[in-house]
Amino acid sequence: MSARMSESRATRAPGTNAERIPVALAEGDGIGPEITAAVCAVLDAAGARVAFQPITVGEQCFLDGVTSGIPQDAWDAIREHRVLLKGPITTPQGGGYKSLNVTLRKALGLFANVRPCRAWHPWVDTRHPDMDLVIVRENEEDTYAGIEHRQTPEVTQCLKLISEPGSERLIRYAFELAKSQGRDTVHCLTKDNIMKVTDGLFHRTFDRIAADYPGIDAKHMIIDIGTALLADRPEMFDVVVAPNLYGDIVSDVAAQITGSVGLGGSANIGEGFAMFEAVHGSAPDIAGQDVANPSGLLLAAIEMLRYLGDTSTAETIHNAWLATLADGLHTADLYREGRSRRKLGTRAFGEAVIDRLGTRPDGDVRKGKGATQGALPRAEDSWPRAEARPDKVLHGVDVFLDWDTNDRNPDVLGRRLETLAEGTAFDLVIVTNRGVKVYPDGIPETRCTDHWRCRFRTPDGDGVGHREILDLLAKFEAAGLDFIKTENLYTFDGERGYSMGQGE
Ligand code: NAD
């Protein structure tokens with residue numbers, strides 16, 4: 001062991017059982033049991049004031065017929081203790097199994113997924129020694145609502161849901177986190193140049209909330225260039241807030257470029273519940289080989305101790321972990337000839353951290369942006385509601401059709417629908433195929449599927465009731481046209497609540 005500064009051993013005196021905070025513990029699948037054992041050994045040796053209650057969730061539960069992967073006794077323990085440390089879970093392929101992670105996040109209202117990603121230069125090789133950012137990813141909405149349908153033989157659909165209250169409390173949490181950690185910039189990433197209604201709502205909410213935090217620089221970027229810049233120049237980012245899918249992708253990118261995806265820890269924060277886990281998955285390719293890096297789960301556990309108020313143990317473990325890296329003791333994913341001193345397996349790495357409890361590394365890790373590495377802020381008990389509901393006017397309907405006759409000629413369909421609309425409250429405005437206008441005045445080069453969106457609106461934008469839509473659908477039915485779904489077209493306080501078709 002190299003020379004290191006010594007800390008007071010008193011900081012890691014084990015607490016008595018009475019002082020220990022109960023926490024549910026799921027070891028997970030694949031590499032989960034190995035990394036969880038290593039992490040628990042470190043917490044135990046450091047005297048962390050937690051008492052783990054092991055629960056079984058995941059792959060075996062799925063295969064035993066528990067459709068959520070979470071048996072009742074596990075739910076009971078999680079709901080009782082309100083804090084969960086969780087190893088990665090394998091979702092079995094096929095068979096329609098739902099992701100257990102998504103179930104837990106949504107059922108417990110864990111709306112913010114916080115993923116700190118920082119370089120540990122000079123002890124871990126990275127091309128980005130100054131990177132130190134936190135990704136705050138929305139955790140319950142977006143395409144992860146998992147509402148999908150096959151609508152025609154050719155076309156499937158996934159519903160993307162973005163709510164204003166859901167966006168608001170996530171974005172507010174991101175600004176609160178920036179404030180509490182002394183971070184001065186929050187970047188919002190969306191694709192609102194394309195998804196003007198859903199991502200547009202997230203972006204507008206970001207702008208609105210940002211006004212409450214004048215000391216913090218609020219910036220928006222389109223997700224594609226934002227991801228590219230984050231991969232190339234991560235040091236320009238500080239706090240990043242994003243809807244679920246984008247946040248999922250950029251956080252793996254960010255975790256990987258710190259040196260290894262195995263270094264990423266994450267916290268899922270809700271009102272009264274919290275779940276801590278590694279960013280990475282169950283890595284079946286290296287499971288059972290004692291080679292996985294337990295650092296991601298260890299960093300998540302450190303974040304959990306801070307959350308529970310056991311700050312001194314959190315710092316003791318963090319320093320010991322840094323000392324281990326500084327001594328060149330690396331798991332296979334971090335090992336580099338010349339820079340590393342020894343390659344260690346999962347268990348040996350955990351033991352090396354234990355050996356260094358009470359020490360800190362010589363020298364300092366490159367100073368990051370977060371001036372305060374304190375506990376994550378608690379989630380506010382709020383689901384913001386607007387004071388008055390806007391005036392909602394129904395003035396049209398998109399009728400989606402499964403139509404595969406007449407060589408899929410859009411002009412044949414369009415003319416037929418114009419005739420069909422006669423005598424109803426609506427005019428046919430446009431027919432699109434995969435969002436592109438094909439009638440009227442489409443171009444023959446547009447390749448058409450069997451899935452058609454037929455937009456009907458009242459001639460002067462006047463409001464109608466459901467009755468008028470049912471009358472229109474009755475005409476579809478009588479004409480033998482197979483409508484597969486409808487979407488009502490509303491204005492809210494006079495503002496259009498739906499996107500225009502491309503070319504409309
Ligand atoms: P993965 O993160 O498990 O693995 C991706 C790559 O990173 C693999 O090469 C793996 O060996 C490596 N890797 C991951 N963790 C590592 C570690 N700690 N140390 C060293 N190398 C590590 O992603 P995947 O292969 O796409 O997914 C495998 C399974 O994990 C799937 O069933 C997936 O659904 C699940 N998954 C679970 C979670 C979770 O529980 N939070 C997250 C992501 C994926």
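A: One begins with the axes: each is a line fitted to C-alpha atoms, for helices over the stretch in contact, and the angle runs from 0 to 180 degrees between N-to-C directions. In this predicted model, α10 and helix α11 (residues 346–355) pack at an angle of about 115°, and their axes are 8 Å apart. The crossing of α10 and α11 is right-handed.

Q: Which residues make the contact of α10 with α11?

A: From α10 come I317, A320, W321, T324 and L325, and from α11 come F349, A352 and V353. By class, the contact of α10 with α11 comprises seven nonpolar residues, one polar residue and no charged residues.

Q: At what angle do α9 and α10 pack?

A: Angles over 145 degrees count as roughly antiparallel. Helix α9 (residues 295–307) and helix α10 (residues 311–326) pack at about 155°, with their axes 7 Å apart. α9 is therefore roughly antiparallel to α10. The crossing of these two helices, α9 and α10, is left-handed.

Q: Which residues of α9 and α10 meet?

A: S295, L298, L299, I302, L305 and R306 in α9 meet T311, T313, A314, E315, I317, H318 and W321 in α10. The residues of this contact of α9 with α10 are seven nonpolar, four polar and two charged.

Q: Which residues around the ligand come nearest?

A: A polar contact is a pair of N or O atoms within 3.5 Å. Of the 21 residues around the ligand, I89, G281, A283, D285 and N293 come nearest. A ligand nitrogen atom is 3.2 Å from a side-chain N or O atom of E277, and a ligand nitrogen atom is 3.2 Å from a side-chain N or O atom of H280. At S282, a polar backbone atom is 3.0 Å from an oxygen atom of the ligand.

Notes
Residues numbered from 1 in each chain as written. Predicted model: local features only at pLDDT ≥ 70, side-chain atom pairs only at ≥ 80, totals over all residues. Heavy atoms only, no water. Helix = DSSP H or I, 4+ residues; strand = E, 2+ residues; numbered from the N terminus. Parallel < 35°, antiparallel > 145°, perpendicular 65-115°, else oblique. Left-handed = near helix turned anticlockwise from the far one by under 90°. Contact = heavy atoms within 4.5 Å. Nonpolar A, V, L, I, M, F, W, Y, C, P; charged D, E, K, R; others polar. Near = heavy atom within 4 Å. Polar contact = N/O pair within 3.5 Å; in protein donor to acceptor, adjacent residues only side chain to side chain.
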